[in-house]
Amino acid sequence: MLPATSKLCAAISYRHLRNMTGLRRQAAVAISQELSRLACRSPGPGTWINQVRRRSSLLSSRLEEKPFSEMEMSYIKQGEEALQKSLSILGDQEGWKTETVVGNGDKVLSKVLPDVGKVFRLEVVVDKPLDAVYSELVDNMEQMGEWNPNVQEVKILQKIGKDTVITHEKAAAPPGNIVGPRDFVSVRCAKRRGSTCVLAGMATKYGAMPEQDGFVRAENGPTCMILRPLPGSPSQTKLTWLLSIDLKGWLPKTIINQVLSQTQVDFANHLRERLARAVAV
């Protein structure tokens with residue numbers, strides 16, 4: 001038969017604590033302290049007491065976490081939808097047409113989708129490891145305006161969990177101001193699965209960032225970048241960028257197509273230059 005202290009400790013199981021949705025952090029801390037006091041009275045606490053104590057401490061930390069609001073959950077869902085739809089588009093190999101092929105092997109393909117419109121696909125190899133490319137595109141996202149002349153500014157408006165962010169991006173006016181100033185509000189989702197990284201996004205609404213004077217609010221999406229180590233050469237990264245943009249306004253499609261495909265080619269060159277400078281520093 002178990003001693004009285006063991007009966008008390010056993011009754012307070014982690015499963016019961018987890019199901020008590022109204023439990024406050026103070027209660028969890030008090031339980032942890034009581035377990036420690038009872039353990040000191042026992043001649044030799046068993047392994048199960050330590051397990052309960054560890055789980056109680058874990059519960060205390062989880063109680064401090066801020067749950068996602070309904071709006072935050074909707075942004076997370078939008079990011080996941082952008083990721084899944086982008087992967088579905090890239091997974092269909094039929095119907096792609098060549099737009100541009102550069103001497104270094106970079107190429108831009110395109111296809112027209114009934115529910116999306118014309119999308120562009122950049123395929124390049126970057127002579128840097130995946131982690132370096134990922135860090136520049138995700139961790140240093142707000143610095144993109146420093147090295148990409150096509151971007152005036154990228155600002156993170158809100159972070160939601162570890163994978164999702166809301167961003168505001170101002171596009172720099174191209175030479176000759178053919179398109180005019182555009183800005184974007186997007187939800188972005190970053191996922192790492194084994195040796196593959198997927199960075200996806202799409203346009204969203206964000207009350208704290210209404211349309212700005214002097215800018216046309218364009219829309220992204222779905223769009224994504226996929227990063228993989230080049231097979232047989234882990235020091236190089238294969239980058240695939242699916243670009244889908246509605247620039248809004250009255251613009252001839254021929255001009256839009258030319259601008260978007262050239263934007264992707266320029267991006268690859270600017271990214272390489274940025275990574276080369278980072279290594280040199």
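Predicted model: local features only at pLDDT ≥ 70, side-chain atom pairs only at ≥ 80, totals over all residues.
Q: Where do the buried residues of helix α5 fall when seen down its axis?
A: Helix α5 covers residues 70–91, and its buried residues include Glu-72, Tyr-75, Gly-79, Leu-83 and Ser-86. Seen down the axis, the buried residues of α5 fall within an arc of 160°, so they line one face of the helix. On the other side of α5, Glu-70, Lys-77, Ser-88 and Gly-91 are exposed, whereas the buried residues keep to that arc of 160°.

Q: Is Ser-86 buried or exposed?
A: Ser-86 is found in helix α5, and, leaving aside its neighbours within four places in sequence, it is in contact with Pro-222, Thr-223, Cys-224 and Leu-242. Buried means under 20% relative accessible area, and because its relative accessibility is 0%, Ser-86 counts as buried.

Q: How do the rings of Tyr-75 and Tyr-206 count as a pair, and what is the angle between their planes?
A: The count comes to three aromatic pairs. For Tyr-75 and Tyr-206 the ring centres are 6.2 Å apart, and the pair is tilted because the planes are at 40°. This pair links distant parts of the chain, with Tyr-75 in helix α5 and Tyr-206 in the loop between β7 and β8; the angle asked for is 40°.

Conventions: Residues numbered from 1 in each chain as written. Heavy atoms only, no water. Helix = DSSP H or I, 4+ residues; strand = E, 2+ residues; numbered from the N terminus. Expected span 1.5 Å × (residues − 1). Buried < 20%, exposed > 50% of the residue type's maximum accessible area, 1.4 Å probe, protein only. Arc of directions from axis to C-beta. Contact = heavy atoms within 4.5 Å. Phe/Tyr/Trp six-rings, centres within 6.5 Å; stacked < 30°, edge-to-face > 60°.
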